[in-house]
Amino acid sequence: SSTFMVASHAANKGAKPDPVFAVSKAATDAIAAIGKEKVVNASIGAIYDEEEQFASFPAVQNYFKQISPEELMNYAPIGGLPDFLQAAIDVTFQGNFPENSFARAVATPGGTGAIRHLFFNYLEQGQKALIPDWSWGNYRTIAHEHQRDIDTYMLFDENNRFNINSLKEKTGALLKVQDRVVVVFNTPAHNPTGHSVTDADWVQIIDFMKECAQDQQKKIILLLDIAYIEFAGEPEETRKFFRLFHDLPQNILVTIAFSMSKSFLIYGMRSGALIGLSSSQEVVNELSQVNIASNRGVWSNGTRGAQRLLADVWKNPQLKEAIDQERAAYRQLMAKRAGIFMEEAQEVGLNTFPYHSGFFITIPAANSAEATQKLTQDHIYALALNKGIRIAICGIPTYKIPGIAGKIKKAL
Ligand code: PLP
């Protein structure tokens, strides 16, 4: 018998070290040894400014300095402050609410909480959620934590376009063995490639999901993880695709993992929401009821101060304008960094996945572990993915970008 104490389902959990933590420690060690100027830490998952300091919005800092202790620190209602929930829906759609639809939201600690609730409450134990092969590693962690499993569809086809055929094939296969599917899309500004699903792709995806829904016994649940949407372009552009979800059959539920982490650069304040969108009022009422109960049973309430911020941003045009401007400046900064990298990649013949916007660029690399190890000789610390190298342009100051693409090319 084992001398360890955890129950059987928790045995060995977390034994594999977190790869992001490992690279970021190696980068920190290198900085200590040879100095910040010579080291490129390409592993960070947050925006750092041109001086490599943690970036935050002054308007958000000032907001938190002036709100009352009660609004900052008291409990929020279990489901979230009502004006936060309304603001989360309004901010998400911004005039692009699909016709003949109903939406409701439940506050969660970040998008992570929304994903957790969806995987747990909309899949039976042991069923699989369908995620892209290139994707945020935590989907798997969250699924496994709740005795759910994962299957993958190929995000890209041989021309680096959205792989609709793989999505169809995998969704169809799952629907043969499950009464329901939860299909995850992380768009726009996908982690880790910066890819965005186009409106033309969405038309095809929605047509296919409607075909699947013709079998009334099946439940089709889509999860749109929009964690990076505010860094993908102008709101009216990035949200247009929501209009396509009009008049859905009752057995298609569209859910949205709404997150304030990146949008307001308040990653650690843990605020987001699970939003449900359906042609049925009852379906979204159920989403609200069930997930409020889950809040109670998992983490109680979300962070009141962050919820208050979103609600007030939506009520106060001046505050909104100030934050929008500060955010736009960082969006442009990342576009500039990415632009330099992508241009050089083209010059040196380095193949990347199609980057549209966002925090990360990914280079396909069968030998990613070896290549990232080689890169450390050039003092570049990047995350090795399964078959790729992730470059976090969100954290690299512009002056350090030139030359990185060429060094990656050599390391491959
Ligand atoms: N989805 C993706 C793709 C992410 O990269 C992240 C954060 O890194 C999240 C969701 C969730 O973030 P949070 O729980 O902080 O909202």
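Helices (H or I, at least four residues) and strands (E, at least two) are DSSP runs, numbered from the N terminus. An unreviewed UniProt entry lists residues 38-398 as "domain: Aminotransferase class I/classII large"; UniProt positions follow the numbering used here, feature names are shortened, and annotations may be inferred rather than shown by experiment.

The model is predicted: local features need pLDDT of at least 70, side-chain atom pairs count only at pLDDT 80 or more, and totals for chains, interfaces and linings use all residues. Residues are numbered from 1 along each chain as its sequence is written.

**Domains**

Colour the chain next by its domain assignment, which gives domain 1 (14-48 + 324-411) and domain 2 (75-315); such bounds come from an automatic or database domain assignment. The C-alpha centres of domain 1 and domain 2 lie 28 Å apart. Their contact takes 17 residues from domain 1 and 19 residues from domain 2, where two residues are in contact if their C-beta atoms, placed from the backbone, lie within 7 Å. On the side of domain 1 that touches domain 2, the elements giving two or more residues are α12 (317-348) and β9 (360-364). That side divides into 10 nonpolar, four polar and three charged residues. Here Ala, Val, Leu, Ile, Met, Phe, Trp, Tyr, Cys and Pro count as nonpolar, Asp, Glu, Lys and Arg as charged, and the others, Gly among them, as polar.

Within helix α12, select phenylalanine 341. Phenylalanine 341 counts as buried because it has 23 C-beta neighbours inside 10 Å. The classes are buried for 20 or more other C-beta atoms within 10 Å of the residue's own, exposed for 12 or fewer, and partly exposed in between, with C-beta atoms placed from the backbone. Leaving aside neighbours within four places in sequence, phenylalanine 341 is in contact with Ile361, Ile391, Ile393, Ile401, Ile404 and Ala405. For a distance check, draw a line from phenylalanine 341 to valine 203: these residues are 138 apart in sequence and 32 Å apart in space, C-alpha to C-alpha.

**Nonpolar core**

Which residues of the largest nonpolar core touch the most other members? They are Ala88, Val182, Leu223 and Ile393, in a core of 117 residues. This core draws at least three residues from each of domain 1 and domain 2. A nonpolar core is a set of buried Ala, Val, Leu, Ile, Met, Phe, Trp, Tyr and Cys residues joined through C-beta atoms within 7 Å. In soluble globular proteins, nonpolar side chains tend to be buried together.

Centre the view on valine 182. Apart from neighbours within four places in sequence, valine 182 is in contact with Leu118, Phe119, Tyr122, Leu123, Ala129, Leu130, Ile221 and Leu223.

**Backbone features**

Most residues other than glycine have a negative phi, and most peptide bonds are trans.

Move to the loop between β5 (180-186) and α8 (199-213), where proline 188 is placed. The peptide bond from threonine 187 to proline 188 is cis, with omega near -5 degrees. Proline 192 is also found in the loop between β5 and α8, and a cis peptide bond joins asparagine 191 to proline 192, with omega about 15 degrees.

Then select aspartate 247, in the loop between α9 (235-238) and β7 (252-259). Aspartate 247 has a positive phi of about 50 degrees although it is not a glycine, and it is exposed, with 10 other C-beta atoms within 10 Å. Leucine 248 lies in the loop between α9 and β7. Is leucine 248 buried or exposed? Leucine 248 counts as buried because it has 24 C-beta neighbours inside 10 Å. Beyond four places in sequence, leucine 248 is in contact with Val254, Ser278 and Ser279.

Finish at leucine 265, in the loop between β7 and β8 (272-278). Leucine 265 has a positive phi of about 55 degrees and counts as buried, with 22 C-beta neighbours inside 10 Å.
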